[in-house]
Amino acid sequence: MEKIARTKVKDLLRMQPGAPVLAKGWVRTKRGNKQVKFIALNDGSTVNNIQVVADMGRFDEELMKRITTGASLAVSGKLVESVGSGQAVEIQAESIEIYGECDPMRYPLQKKDTSFEYLRSVAHMRLRTNTFGAVLRLRHAMAFAIHKFFNDRGFVYLNTPLITESDAEGAGDMFQVTTLDLAKVPVHGGKVDFSKDFFGKKTSLTVSGQLEGELGATAVGEIYTFGPTFRAENSNTPRHLAEFWMIEPEMAFYDINDNMELAEAFVKYLVQYALDNNYDDLKFLNDKYDDGLIARLQSVLGIAFQRVTYTEAVEILEAAVRAGHTFEYPVHWGTDFQSEHERYLVETHFGKPVILIDFPKDIKAFYMKQNEDGRTVRGMDVLFPKIGEIIGGSEREASLEKLESRIDELGMSRKNLEWYIDTRRFGTVPHSGFGLGFERLLLFITGMNNIRDVIPFPRTPKNAEF
Ligand code: 4AD
Ligand code: MG
């Protein structure tokens with residue numbers, strides 16, 4: 001007999017009935033009676049299963065007993081029109097091969113407990129659930145769309161280092177990278193002698209690729225990075241990871257308005273891409289967990305994001321407090337907004353995504369362009385419903401003098417930053433950029449509530465399993 005090629009479930013579900021087919025996958029469920037069994041088979045190509053109908057006149061009871069949830073199979077048969085509701089086609093099985101059995105007593109996903117907390121404890125297996133399948137496919141689709149968005153606009157993908165000696169961003173505490181024997185640390189003059197370390201100096205994992213990104217942008221014009229970033233901040237929140245992925249475009253000749261336009265077009269493009277290409281997964285997540293998801297995604301597409309200065313935002317929040325609204329953290333000019341403040345602006349006050357600009361310089365990084373008023377900088381945060389900040393960026397300070405004096409003012413070492421300052425020394429240009437937290441974006445796209453559930457293997461304080 002001629003051997004037929006395997007067809008993925010996603011494609012089977014779109015085929016016309018009639019053809020002989022071969023499907024491979026894992027059993028989601030099995031039900032039925034003495035005459036006929038129905039096996040829902042999934043191979044991860046789609047959230048939907050293909051139904052396999054096994055006529056017990058053709059299969060023996062012993063084989064059928066070994067087919068339990070989680071077992072892996074190859075099924076050949078005929079694709080036929082399905083009489084049952086819920087699917088257009090199903091496979092009338094002619095032969096079934098079991099690749100691997102799956103002990104129902106020991107299979108972690110066999111349990112009744114499917115809470116996200118439980119699934120995090122079996123993160124090596126949770127990928128096989130419908131929910132994480134949907135999340136993984138959406139995560140992939142967004143990564144692909146990000147590259148496509150920038151590629152279509154002529155941006156160059158720049159790979160910035162993960163190991164760095166620069167801690168200039170000041171974005172958070174860094175994880176140190178060392179090969180020194182921690183039980184016998186070399187000491188010189190009372191201090192750790194890093195000259196004996198692998199790189200001959202103290203090094204860490206990067207918190208951001210931006211500073212190197214600026215070197216790229218001032219060379220080839222428009223670049224973006226897309227890679228992992230590491231922050232050793234001890235914040236156990238549903239929005240923080242110790243290892244997360246960030247996309248950082250950096251553009252020569254862009255001012256803050258160009259920057260805002262790009263950021264808005266970028267996230268709208270990604271939302272549209274998900275709706276156009278991953279509707280089944282979104283619908284599944286919408287129906288199972290969050291029936292406002294698809295409406296929320298659509299809601300950001302048609303409208304212009306609200307642009308508001310930090311100072312105006314403080315006035316709005318202070319007015320809210322006067323009108324009786326209570327925030328856990330106090331807010332006044334000069335404070336860094338907490339997520340509750342961001343969400344008030346987005347969800348309660350404006351009812352749409354907000355781009356905050358012109359922050360007090362003391363709460364932002366040294367490289368942001370200083371405004372004429374002497375107290376604010378041209379920073380920009382994009383705030384989204386349910387999440388708060390998903391993007392942080394700015395126009396960069398292009399003036400050598402202003403940049404140097406800000407570095408001095410903050411008591412930072414110019415010596416370690418000479419390479420960066422060279423961009424302002426040699427052919428400086430106005431330029432801007434921002435960073436999108438990939439998992440923050442995915443929180444919005446998937447409707448998940450905890451950032452640990454949009455990355456396959458989350459790293460958080462006291463958790464680096466798998
Ligand atoms: O606002 P941040 O700290 O900005 C920067 O790192 C700049 N260098 C970006 C730039 O201008 N090129 O971080 C950018 C984004 C945040 O808006 C947030 O979405 C995400 O990164 N982010 C985190 N995501 C998960 N876990 C954390 N601990 C995060 N910290 C920041
Ligand atoms: Mg930020």
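Domain bounds, as I use them here, come from an automatic or database domain assignment. I note also that the model is predicted.

**Entry 1: domains**

I looked up how the chain is divided and found domain 1 (9–108) and domain 2 (130–158 + 251–453). I then looked up the separation of their C-alpha centres, which lie 45 Å apart. To the contact between them, domain 1 gives 4 residues and domain 2 gives 6 residues. On the side of domain 1 that touches domain 2, I recorded 1 nonpolar residue, 3 polar residues and no charged ones.

**Entry 2: a pair of helices**

I next examined helix α5 (residues 130–152) and helix α7 (residues 256–277), which pack with their axes 10 Å apart and at an angle of about 130°. Angles of 65 to 115 degrees count as roughly perpendicular and those over 145 as roughly antiparallel; α5 and α7 are therefore oblique to each other. I recorded their crossing as right-handed. From α5, the contact uses L138, A141, M142, A145, I146 and F149. From α7, it uses F266, Y269, L270, Y273, A274 and N277.

Which residues come nearest to ligand 1? Of the 21 residues around the ligand, I found these to be S208, Q210, G392, G435 and G437. The elements giving two or more residues to the shell are β13 (243–252), β17 (388–395), β18 (431–437) and α14 (438–446). Strand β17 supplies the largest share, 5 residues.

Key. Residues numbered from 1 in each chain as written. Chains lettered and ligands numbered in written order. Predicted model: local features only at pLDDT ≥ 70, side-chain atom pairs only at ≥ 80, totals over all residues. Near = placed C-beta within 6 Å. Helix = DSSP H or I, 4+ residues; strand = E, 2+ residues; numbered from the N terminus. Contact = placed C-beta atoms within 7 Å. Nonpolar A, V, L, I, M, F, W, Y, C, P; charged D, E, K, R; others polar. Axes fitted to C-alpha atoms, helices over the stretch in contact; angles between N-to-C directions. Parallel < 35°, antiparallel > 145°, perpendicular 65-115°, else oblique. Left-handed = near helix turned anticlockwise from the far one by under 90°.
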